Amino acid sequence: MKKLVGIEALAIAVPRRYVDIEDLARARGVDPAKYTSGLGAREMAVADPGEDSVALAATATAQLLRSNNVDPSRIGMLVVGTETGVDHSKPVASHVQGLLKLPRAMRVFDTQHACYGGTAGIMAATEWIASGAAAGRSAVVVCSDIARYGLNTAGEPTQGAGSVALLISEQPDLLAIDVGLNGSCSMDVYDFWRPLGRREAVVDGHYSIQCYLDALSGAYRGWRERALAHEVVRWGPSLPGDQLSRILYHVPFCKMARKAHTQLRLCDLEDAPNAPASTAEAREEQAKSAASYEAQVASSLGLNARIGNVYTASLYLALAGLLQGEGEKLAGQRIGLMSYGSGCAAEFFSGVVGEKAAKRMAQAGIESVMAGRERVSIAEYERIMNLPYEAPDQIAPAPGAFRLAEIKDHKRRYVEGAAS
Ligand code: CAA
C-alpha cells in the first residue's frame, strides 16, 4: 500500500497587537470600503521588534509540540520557511532548535523563496518521508514572516505577521498530500523583493498581481495534467477545478484569492476539450462565478482577513482557517492548494482532508490565540513601526511565548514567558 504522508497537526502564533483596517483607512484619508471590500481586509497584525520571525516561529513550534504531545526524539528535520531572515548565515531554524532545546540528531535549515519558502520546506519534508529516507521520523516545518511595506505606502493595508508550525508525518490527520501530482511554475521577475539591509519590501504592486496569476496558470496546468493522468480529476460535465471540494490560495490580501480563483477557472474554461464555442469575454464572465468562489474559496479566508499577509504562512493560515471551521465536514475530501512566492515561484498541489482534522484543529487552540490579541490605535501602530529593531521594548512575553530581548555583538538573545 502507498505510504500516506502529509500534515499531522499545526499551530499558529501571532503578534499581541493588531489594528482595525477601517481605523487605518480613516487615518490615511481613504474610503474604508477600499480596504474592506476592495482588498478584503478586516484587521492587520502589528509585530513589535520583540516579535521577530524567530520569536514567532519558536512560539508556534512550542505550541505545536505541547498541544500534540510530540516526542522531540521523533523529529528528524526542522525547517523554517521565511523571507524575514535575521542573519545571512545562521538560520531561523537554528534559533528555534536552541530555544526549544530540541535534540541534536536532526537536519536543521531554512528555505527561502519569498512567500513560496514555506511550501518548499513542506515539500522537502514530505518527499523525504515519502522516499523512506526518514525511516519513520517526522519533520517540523515552520512558516514565519513579518510583512512590512511601511507607513503611507500602497502596500500598507496588506501588511501582517505571524507563524504557522506544521508537523509532517506518516500520520496525516489534517491533510494527506497527493505526493507527485504537484505542478510548478517559476520565472525570473522583479515583482516584489526585499533588498539586503532594508526592513521594507519593494513592490511593483499591480505587476506582482499579474505575475501571481501567470505563475498560477502554469502551476495549475502542471498539476491538472498529472491529476488527469492519475484519474484524480476528469474532463466531464464539471471542470477539473470544480472537482476539488475547496481551493486554498496564497493570500497577500483576501481579494487576491478571488482573482486567483477566477484565473484558475479561466484555465479550465480555455482548455476544456469539446467546450461549446464561446468568446474570450464570455469565458471571462463565466470564470468570475460568485457561486464557485463562495463554495470553494470564501470559507478559508477568516484568519487571513484578521491577520493580514504573513508571506510564507499565508497559504497555511488559509488551511488553518478552513479546517478550523469545516474540518469535520471535509473529512475524506480532496482540496487544492496554490502557493506563490514573488520573484517568482508557484506550486499547485492537492491533498485529502483527514478523518481526525476537526479533533486536531481543536488541539491547536486558535480561538484562544486570536482572543489574546489587543487592538491598538493608529498612533500606537505608528509608534511601533518606528521603533528601532535592534532595541526591543522590555516587555514580559505571554506565557509560553518567546520574545527577542536584545541584540549584543550581533548575537540575539530571547526570553520565554513563564507558564501561567
Ligand atoms: N470601494 C471599494 N473598492 C475600491 C474602492 C472603494 N472606494 N477604491 C478602490 N477599490 C478597489 C479597486 O477597484 C481594486 O479592486 P480590483 O483589484 O478588484 O479592481 C482594489 O480596491 C484595490 O485598489 P487599487 O488597485 O487602486 O489599490 P492600490 O493601487 O492602492 O494597491 C495593491 C493595491 C497593488 C494590492 C497594493 O496594496 C500592494 O502593492 N500590495 C502589496 C503587493 C501585493 O500584495 N501583491 C500581491 C501579489 S504578489 C504576492 O502575492 C506575494 C506577496 O505576498 C507580496
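**Exercise 1.** At what angle do helix H11 and helix H12 pack, and how far apart are their axes?

*Solution.* Start by finding H11 at residues 314-330 and H12 at residues 357-364; they pack at about 130°, with 8 Å between their axes. Keep in mind that this is a predicted model. Next, sort the angle: 65 to 115 degrees would be roughly perpendicular and over 145 roughly antiparallel, so H11 and H12 come out as oblique to each other. For the handedness, H11 passes H12 in a left-handed crossing. Now look at who touches whom: H11 brings Ala-320, Leu-323, Gln-324, Gly-327 and Glu-328, and these meet Ala-357, Ala-358 and Met-361 of H12. Sorted by type, the residues of this H11–H12 contact are five nonpolar, two polar and one charged.

**Exercise 2.** In which sense do strands E4 and E5 pair, and over how many bridges?

*Solution.* Pick out E4 (residues 75-81) and E5 (residues 107-111): the pairing is parallel, over five bridges. Then follow the chain from E4 through helix H4 (residues 92-99) into E5; you've traced a right-handed β-α-β crossover.

**Exercise 3.** Which residues make the contact between H7 and H8?

*Solution.* Set up the geometry before the residues. H7 (residues 254-271) and H8 (residues 280-287) pack at about 135°, their axes 8 Å apart, which makes H7 oblique to H8. Their crossing is right-handed. On the H7 side you'll find Thr-262, Arg-265, Leu-266, Leu-269 and Glu-270, and on the H8 side Arg-283, Glu-284, Gln-286 and Ala-287. Finish with the tally for the H7–H8 contact: three nonpolar, two polar and four charged.

Note on methods. Residues numbered from 1 in each chain as written. Predicted model: local features only at pLDDT ≥ 70, side-chain atom pairs only at ≥ 80, totals over all residues. Heavy atoms only, no water. Axes fitted to C-alpha atoms, helices over the stretch in contact; angles between N-to-C directions. Helix = DSSP H or I, 4+ residues; strand = E, 2+ residues; numbered from the N terminus. Parallel < 35°, antiparallel > 145°, perpendicular 65-115°, else oblique. Left-handed = near helix turned anticlockwise from the far one by under 90°. Contact = heavy atoms within 4.5 Å. Nonpolar A, V, L, I, M, F, W, Y, C, P; charged D, E, K, R; others polar. Pairing = 2+ DSSP bridges. Right-handed = clockwise from strand over helix to strand, strands pointing away.
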